[in-house]
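Reader: Could you walk me through a few local features of this model? I would like to look at each one alongside the coordinates.

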Amino acid sequence: MNPSTKIVRINVNARRTTSIDDLPTDILSSEILVRLPAKCIGVYRTVSKQWLSLLSSKNFILRHCRHISTSYKQMFFSVALFQSSVFPVTFDPSDYLPKTLIPLPTNTYWYDVRVLTSFDGLVCLSFRGTQKMILWNPLTHATKFVSSTLSRGRFKQKTDAVGLYVSPSNEYMLLHAKRRNGSMKLYKYSSRCDSWRKMGFVDERKYHNYKMSWSNGTFFQGVVYFIVKVDAAGMGNYLFGFHVDSDELKSKPKPATTKHDGDGSLVVVRNQLHMFVANSLPNWSLHLWRMDGENWTKIWVRQNILPPSLFGRTITYVVSTGKFLVVSRSGTVFEIDTTKNGIECYHPVFSESSIQGAVYTETLMSPDF
């Protein structure tokens, strides 16, 4: 061998450096990008035309929404004196709540807005003056009016109820139960078709009784549930479920409580439907029930306490703390902590004059989806 000959040895076992460009598009979107916060997705859309197309597709937005809604930290959207803002759901008194001020849609005034419900990053609002309803994404500021005529999409505070849900075809819908002219009627709004349709109802006149109040709907496994509170002594409460696959409203079994039923409110916890029930005299108490098939199981109770008012309040299970956040129309947000005893199990955590609000998760979901 010529001494001047240079021998080059190649390590066939050496690992090749892999960049993100080497990953298949389906793996990149379904395993990596889908896990990022919604705000980050907006930034990554500027990387290239390919990424813009990928991250703006309806398929990606839906998968991202499903993942984020169950795994990422929740936010609180509030409308208070002269401002609206969002901040993380961390109500530890020692924590500073960094607020992000956001403009309300359509340049409306704060005192003209009602916060009705939220689902998958969309918030349903109504306006006191016109009674019109809109769907709004506080992150992207995308807005859609759903009121089409004088009778469709108008919300009355003391007689109506609404519920947001997603259909089997992944279409976002708004359900509106409204009492008018001596009967209860049910309508659903399609955001994709921008149209309203009247649904059938069970004994319309019976459930128009002025002593009955309807909660807003809670969507769980293909059914939108409503609690109907009867303000007559000994009458108890009702539970109805609107089945989104058949468009039918049916009476549903409720927890086996007593004639002293007080307020009730539904909440989804770890993919199971629960109901808080606050009983009144003679035995003040607060109960938590879990739905198991067609039956209800009591899983928690606190006796001899003056329970908070629950009906008409929105209760959300906060994944990061394991506690329940109750948003009250009276201007108070309080927690229910099932690890505590006595009156310590619930306490106010945030209060601001004339506040309204809703817990939601920041997503890219559009009201037109």
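Predicted model: local features only at pLDDT ≥ 70, side-chain atom pairs only at ≥ 80, totals over all residues.

Reader: How many of the residues of strand S8 are buried?

Author: Strands here are DSSP runs of E with at least two residues, numbered from the N terminus, and buried means under 20% relative accessible area, exposed over 50%, partly exposed in between (1.4 Å probe, protein chains only). Ala161, Gly163 and Tyr165 point one way from S8, while Val162, Leu164 and Val166 point the other way, and all are buried. For S8, residues 161-166, the count is six of six.

Reader: Which residue in S9 stands opposite Val166?

Author: S8 and S9 (residues 172-180) run antiparallel and are joined by six bridges; two strands pair if DSSP finds at least two bridges between them. They form a hairpin with five residues between them, and Asn170 in the turn has a positive phi of about 60 degrees. Opposite Val166 stands Tyr172.

Reader: Which residue's side chain makes a polar contact of 2.6 Å with that of Asp337?

Author: Asp337 sits in the loop between strand S23 (332-336) and strand S24 (346-351), and counts as buried because its relative accessibility is 5%. A polar contact is a pair of N or O atoms within 3.5 Å; within protein, one must be able to donate a hydrogen and the other to accept it, and residues adjacent in sequence count only if both atoms are side-chain atoms. The partner is Thr339.

Reader: How many residues apart in sequence are the parts that Lys144 and Asp368 tie together?

Author: The two form a salt bridge, with the closest N and O atoms 2.9 Å apart; the term means a side-chain nitrogen of Lys or Arg within 4 Å of a carboxyl oxygen of Asp or Glu. Lys144 lies in strand S7 (residues 143-145) and Asp368 in the segment after strand S25 (356-360), so the parts they tie together are separated by 224 residues.

How values were computed:
Residues numbered from 1 in each chain as written. Heavy atoms only, no water. Helix = DSSP H or I, 4+ residues; strand = E, 2+ residues; numbered from the N terminus.
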